[in-house]
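These are my notebook entries on one structure. I set down what I looked up, in the order in which I looked.

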Protein chains: 2
Amino acid sequence: MGFSEHLSQIVKSVDGAVAASVMGFDGIAVETEMTSLADGLELTTAWVEYANVLNQLKVAVQGLKTGPMSELAVNSERLLTLVRMVNKDYFLVLGLLPSGNYGKGRYLLRITAPKLALEL
Amino acid sequence: MGFSEHLSQIVKSVDGAVAASVMGFDGIAVETEMTSLADGLELTTAWVEYANVLNQLKVAVQGLKTGPMSELAVNSERLLTLVRMVNKDYFLVLGLLPSGNYGKGRYLLRITAPKLALEL
């Protein structure tokens with residue numbers, strides 16, 4: 001299964017999913033799947049900024065000595081964004097509506113990340 | 001009800017809660033409640049770093065035009081950290097074990113933040 005199939009499966013399986021992407025910590029998207037719900041949202045621009053912030057959060061979390069950062073969620077009034085680390089260079093990101101299935105989104109990112117790690 | 005009572009209620013009501021704090025975006029903790037689960041964790045140091053990162057995430061989220069950032073979660077292998085914005089100057093943070101009640105934590109931060117906003 002390629003990246004695009006994995007992303008497409010996530011987007012189809014999570015109610016309220018807007019878009020999913022595999023991105024590098026350098027801010028470059030490897031592959032992105034969007035739904036019509038993504039119209040008018042500047043997702044990719046914002047996610048590039050997230051890549052930058054993730055690098056700093058990694059360092060802050062190291063200070064906690066509770067293991068490396070595995071997951072991040074950044075939620076605003078009209079969009080929830082879930083991020084799951086794939087390996088040291090890549091992460092998986094899912095945007096969904098606040099009415100969407102947050103728990104299922106977290107679950108699917110968690111089980112998909114190791115599969116992507118094998119292919120990257 | 002003072003800050004300390006609000007925090008203590010959160011920590012007592014959420015299974016696996018480690019500590020809760022009201023913090024300024026300047027990184028200064030207004031009030032903190034810890035449980036014995038917090039022993040050996042450098043929570044306050046890491047949370048000061050989070051305050052710094054939050055300021056940058058606020059800007060990244062503005063780029064999305066989906067409303068201001070309301071919530072953040074930063075999860076590592078052995079600790080989940082939930083953050084809820086109180087107002088433009090303060091946020092509420094809760095650390096809990098991965099086996100803890102994540103959903104209840106999110107819920108309590110969401111209902112407590114407006115109460116704190118009235119007192120800050």
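I began with the term pocket: on a 1 Å grid over the protein atoms alone, it is an open set of points where a 1.4 Å probe fits, with protein on both sides within 12 Å along at least five of seven lines, and its lining residues have an atom within 4 Å of a point. Points are joined across faces, edges and corners, and a volume is the space filled by probe spheres set on them.

I noted that the model is predicted, so local features need pLDDT of at least 70 and side-chain atom pairs pLDDT 80 or more, while totals for chains, interfaces and linings use all residues. Residues are numbered from 1 along each chain, chains are lettered from A in the order in which they are written, and side-chain values use heavy atoms, without hydrogens and water.

**Entry 1: the largest pocket.** I found a volume of about 220 Å³. The lining has 14 residues, and A:Leu80, B:Glu71, B:Arg84, B:Arg106 and B:Arg110 lie nearest the centre. I then looked up helices (DSSP runs of H or I, at least four residues) and strands (E, at least two), numbered from the N terminus. The largest share of this lining, four residues, belongs to H3(B). Strand E3 (69–76) of chain A and strand E3 (69–76) of chain B also supply at least two residues each.

**Entry 2: the second largest pocket.** Its volume is about 160 Å³. Among its lining residues I listed A:Glu71, A:Arg84, A:Arg106, A:Arg110 and B:Leu80. Here H3(A) gives the largest share, four residues.

**Entry 3: how the copies are related.** Which rotation superposes chain B on chain A? I superposed by least squares on the C-alpha atoms of residues with pLDDT of at least 70 in both. The rotation is 180 degrees, with 0.0 Å of shift along its axis and an RMSD of 0.0 Å. The two copies are therefore related as by a two-fold rotation axis. In chain B, the C-alpha nearest that axis is that of B:Ala73, at 2.4 Å.

**Entry 4: the interface.** Contact means heavy atoms within 4.5 Å. By this test, 30 residues of chain B meet 30 residues of chain A. I noted that 100% of the interface residues of chain B are also interface residues in chain A, so the copies meet through the same surface. The chains bury about 2800 Å² between them, 60% of it on carbon and sulfur atoms; buried area is the accessible area (1.4 Å probe) lost on being put together, summed over both parts. In chain B, B:Leu64, B:Thr66 and B:Asn75 lose the most area to chain A, together 21% of what that side buries.

Methods
Buried area = accessible area lost by both parts, 1.4 Å probe.
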